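Please consult the sequence and structure shown here alongside the text.

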Amino acid sequence: MAYLELKGINKIYPNGFHAVHDFNLEIEKGEFIVFVGPSGCGKSTTLRMIAGLEDISKGEFLIDGKRANELGPRQREVAMVFQSYALYPQLTVFDNLGYGLTLQGVDEDEIEEKVLNVAGILGLTDYLDRYPRALSGGQRQRVAVGRAIIRKVGVFLMDEPLSNLDAKQRVTMRSEITNIHRTTGATTIYVTHDQTEAMTMADRIVVMKEGVVQQIGTPKELYFDPVNTFVAGFIGEPPMNFIKSHVNGGCIKIGENTLDLKASFADKIGKYEGKDIIFGFRPESVIPMGTEKSYSMKCTVELTEMLGDNTNVYVNIGDDKAILKVNPHNTPAMDSEMEFSVPYDAAYLFDAETEMRIV
């Protein structure tokens, strides 16, 4: 039996808007689960239903096998970290950290012991006498996280906690939150629209679109085995390239290039004869031209972005566009002609009508 279970969860607002559709998920104790998707996809709404801050319109939420739909947030023994930090500006860091324990009537000596312990874990020991206004964004976020973990609850819920931080602070806090999770062993559900956060932090990722779960899996499963174009395009940076073409004789045309799909997709491509498909490949999967067991293409360079460890090359392949990741020491000139190959095992095919993966 899973620790947390969401069975056919739906959220329908009074105006009829259906925000979450038939959400099903089993979460084991100690797992780090990330809900990811674009703004408005229903991930935060789902988190709030788990927290008890939103009513569940239909379905059942179980904690340790017991129905929890009617339980309030405090009864569910969850701690939530919000995007806005939600610190008390009139209280010091020490008092912010210990506020929840004070409300519970915990002895002052015990509060001090727990606050000092959490402050040590989060690197806040030197800031306990400061007020939130005197802290950086990253320090405020650590206080918000500390206020959650000090309560020793079984479930942490985090709603885009890093979105207000700059890029460097986000990288630091990602590792800190991951380490806190390992230290506490608490079940964590984390909401973000940033696929990098999802890939680097999660045990499993739930990808959502328009209130519907698209795929649930480990970061590796979502990256290498996406079920549709949405997941394939959402996971990975830059996103996967998608080129629509028509199957004729087991081949497709992309610009002036003819790709014989029978070479690697013989058992799948036959039933798509005469139909449109989508050919996909990731920017980082391209290799030099002429390698065996690969699809080779000629293109024109439109733009290059030097990023240090690699260069993003924006190319035109006939009327289609793609992004390639190449060695920065071999960056092609803009407006030049170049050739590249996609290994057979790095190519993806999707049904053009349903956008579901063929292979």
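Strand β14 (residues 276–281) and strand β19 pair in the antiparallel sense over five bridges, where pairing requires at least two bridges found by DSSP between two strands. The model is predicted: local features need pLDDT of at least 70, side-chain atom pairs count only at pLDDT 80 or more, and totals for chains, interfaces and linings use all residues. Residues are numbered from 1 along each chain as its sequence is written, and side-chain values use heavy atoms, with hydrogens and water left out.

**The enclosed strand β3**

- Strand β3 (residues 32–36) is largely enclosed by the rest of the structure, because five of its five residues are buried (buried means under 20% relative accessible area, exposed over 50%, and partly exposed in between, with a 1.4 Å probe and protein chains only).
- Both faces of β3 are covered, with Phe32, Val34 and Val36 buried on one side and Ile33 and Phe35 buried on the other.
- Five bridges pair β3 in the parallel sense with strand β8 (residues 187–192), and Phe32 stands opposite Thr188 in β8.
- Strand β9 (residues 204–209) also runs parallel to β3, joined to it by four bridges, and Val36 stands opposite Val207 in β9.

**Salt bridges**

- The count comes to twelve salt bridges, each defined as a side-chain nitrogen of Lys or Arg within 4 Å of a carboxyl oxygen of Asp or Glu.
- Glu176 forms a salt bridge with Arg142, their closest N and O atoms being 3.8 Å apart.
- This pair links distant parts of the chain, 34 residues apart: Glu176 lies in helix α5 (residues 167–184) and Arg142 in helix α4 (residues 137–149).
- Glu176 is partly exposed at 21% relative accessibility, whereas Arg142 is buried at 13%.
- Glu302 and Lys321 meet through their side chains in a salt bridge (3.3 Å, N to O).
- That pair also links distant parts of the chain, with Glu302 in strand β15 (residues 294–306) and Lys321 in strand β17 (residues 320–326), 19 residues apart.
- Glu302 is partly exposed at 39% relative accessibility, and Lys321 is exposed at 52%.
- The side chains of Glu70 and Arg67 form a salt bridge at 2.8 Å, N to O; Glu70 is exposed with a relative accessible area of 60%, while Arg67 is partly exposed at 41%.
- A network of salt bridges links Lys11, Arg48 and Glu54.

**Cysteines**

- A search of the whole structure finds zero disulfides, the criterion being a pair of cysteine sulfur atoms within 2.5 Å.
- Cys41 is buried at 1% relative accessible area, and Cys299 is buried at 2%.

Terms used:
Helices (H or I, at least four residues) and strands (E, at least two) are DSSP runs, numbered from the N terminus.
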